[in-house]
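Colleague: I would like to learn how to read salt bridges in a model. Could we go through the case before us?

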Amino acid sequence: MLNAENIKFIFTSLQNLSCLTVLDLGVNDLGVDGMQELTVPMQRMTNLTFLNLRICKISSAGAEELASVLGFLTRITSIDLSHNKIGPNGGKALAGALERLQRISRLEICNNKLGEEGVKLISSALEHLQGIKQLNISVANLLMSAWQSAATVLGIKEALHSVLHCYICLKSPGLTSVTMAQWVLRVLKLWQQLLLV
């Protein structure tokens, strides 16, 4: 398993990083220190198209480090950041950087505790990108909070039915991933308004 020290050694040894098209560091103990070690070499990875940082213990601060260099990766088409601990603040930082990645077609960012705000920001950032074909933002936490809100207003049985309907709609093949995320957010807003009445 790689850590920050290993990352520093590897990328200090490699000379021509501009030739690199795939960087797969998935399932490693990078954390904030590892992400800091990656920021300088990633600026030279101008031909990178695939980036896998899945299950790398990336926190909000690590996501901010990554966001600071994403602008250099103008050819990137696929990013996997799933199963980290990015959180809402990291999601906010990434959303700003993702807006500039015109070639991105796939983003895996599920299981990062982004919260409603983080999901909304990332969905909005990707909304104007024409090439996005696959977006995986886990809605499990959103569905659970939606169910709890609905249970308060509608009662347990009706709330369960509403959330199951929401889940079924999310799996409908006619909806794009961005549309699904927006739909979930609209449902949550409706439930929130019901709670305020």
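**Reading the salt bridges**

Modeller: Lys57 pairs with Asp29 in a salt bridge, with 3.8 Å between the closest N and O atoms. The pair ties together parts that are 28 residues apart in sequence, because Lys57 lies in the loop between strand E2 (50-52) and helix H3 (60-70) and Asp29 in the loop between strand E1 (22-24) and helix H2 (31-42). Helices (H or I, at least four residues) and strands (E, at least two) are DSSP runs, numbered from the N terminus. This is a predicted model, in which local features need pLDDT of at least 70 and side-chain atom pairs count only at pLDDT 80 or more, while totals for chains, interfaces and linings use all residues. Residues are numbered from 1 along each chain as its sequence is written, and side-chain values use heavy atoms, with hydrogens and water left out.

Colleague: What is a salt bridge?

Modeller: Side chains of opposite charge can pair when their charged atoms come close. The criterion is a side-chain nitrogen of Lys or Arg within 4 Å of a carboxyl oxygen of Asp or Glu. A search of the whole structure finds three.

Colleague: Which residues are linked in a network of salt bridges?

Modeller: The network links Asp80, Arg106 and Glu108. Arg106 bridges to Asp80 with closest N and O atoms 3.8 Å apart, and to Glu108 at 3.7 Å.

Colleague: Is Asp80 buried or exposed?

Modeller: Buried means under 20% relative accessible area, exposed over 50%, and partly exposed in between (1.4 Å probe, protein chains only). Asp80 is buried at 8% and Glu108 is buried at 9%, whereas Arg106 is partly exposed at 21%.
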